[in-house]
Amino acid sequence: MRALVFTGPGRAEVRDVPEPQAGPGHVVVEVERVGVCGTDVELFTGEMSYLHTGVASYPLRPGHEWAGTVVAAGPGVDPGWVGRRVTGDTMIGCGECARCRAGRHHVCPARHELGCRDGLPGALAERLAFPAAYLHELPGSVDATLGALVEPGGNALRAVRAAAVAPGERLLIIGTGTIGLLAAMFGRAHGAEVHLLGEQPAESVWTRATLPDLPWDGVIDATNGAGIPKLAVDLVEPGRTVVYIGLAGTPSLVDTREIVLKDVTTVGLLGASAGLGGAITAYAEGKADPRPLVAATVSLEEIVGVLAGKRPPGAGPGPKFHVDPRLGQGR
């Protein structure tokens, strides 16, 4: 089958690789749609920290935002999964350590991260082998595009929940990428008064120069700016919460005296695991529809150019790109 492979910093190609097998506890999924995010870009460029800490290495097969249909079930797997449309968790724990037993498999020290760390090839391929225990079924009202937006949606939903704003309270989201825009959707669905802060002026987006002097009951940092964590603490109301879901490429400096003296709660979030089910429900019930965030859906071959920063002709204004592995050569 065809799969995208990162062979080194700034190098990627579509290769013919062995067909995945449905081993014990696993299924094989025919992949319909895959999203590409900032993590994939950093794995492509070589900037991703996992490549420097040794938990990821080239050649690497990326892709962790996906949707597809189960076509085979291995030993120990309910055969009823075959034919179901699914997505899955990115974080695959060992299932045996204290963290996994406590429901915190997303921080298991021995975890795999689909398409991000060594040990579990990603979904940017025609088919995917995946552990059945981490599948999530997609209802009929959640199409392939929405299905591939469940993983980023789960991250954004977790961020909104962690911000602890009540309906009618004011939520400031810093960052207008996919996670920031998804968080805005979930915040509005929750009944919060949502404001967005971005680098460039745009409709319904404040800049630092235009941001009104208002009390912010919760702040979410969904950026990669090293100075934003401090700004978030400066802006949030005393006694309230700042949520960090973005990652800067260099260390961020925050004066913990400000956190203490303002009695601010700071929350760091890794992974969508606890938010996947809620994102699926919100999409199925029409409480959030992030499909307009997808600028274009391209083939495996075409996504190489997108990763290198080339926007394909005819792409819409959205920040997200999707891949349909069924497009392209031989199809």
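What follows is a short chat about a predicted model.

Student: What are the ground rules here?
Tutor: The model is predicted: local features need pLDDT of at least 70, side-chain atom pairs count only at pLDDT 80 or more, and totals for chains, interfaces and linings use all residues. Residues are numbered from 1 along each chain as its sequence is written, and side-chain values use heavy atoms, without hydrogens and water.

Student: How many helices and strands does the protein have?
Tutor: Ten helices and 17 strands. These are DSSP runs, numbered from the N terminus: helices are H or I with at least four residues, strands E with at least two.

Student: How much of the protein is buried?
Tutor: Of the 331 residues, 51% are buried. Buried means under 20% relative accessible area, with a 1.4 Å probe and protein chains only.

Student: New topic. Where does UniProt put the "Alcohol dehydrogenase-like N-terminal" domain?
Tutor: The unreviewed UniProt entry places that domain at residues 23-139. UniProt positions use the numbering here, feature names are shortened, and annotations may be inferred rather than shown by experiment.

Student: And what is the helix and strand content of residues 23-139?
Tutor: The span is 15% helix and 31% strand. Its end C-alpha atoms lie 26 Å apart.

Student: Now Ala279. Which helix is Ala279 in?
Tutor: Helix H9, residues 276-284.

Student: Is Ala279 buried or exposed?
Tutor: Ala279 is buried, at a relative accessible area of 0%.

Student: What does Ala279 touch?
Tutor: Leaving out residues up to four places away in sequence, Ala279 touches Val150, Gly153, Gly154, Leu157 and Phe186. Contact means heavy atoms within 4.5 Å.

Terms used. Buried < 20%, exposed > 50% of the residue type's maximum accessible area, 1.4 Å probe, protein only.
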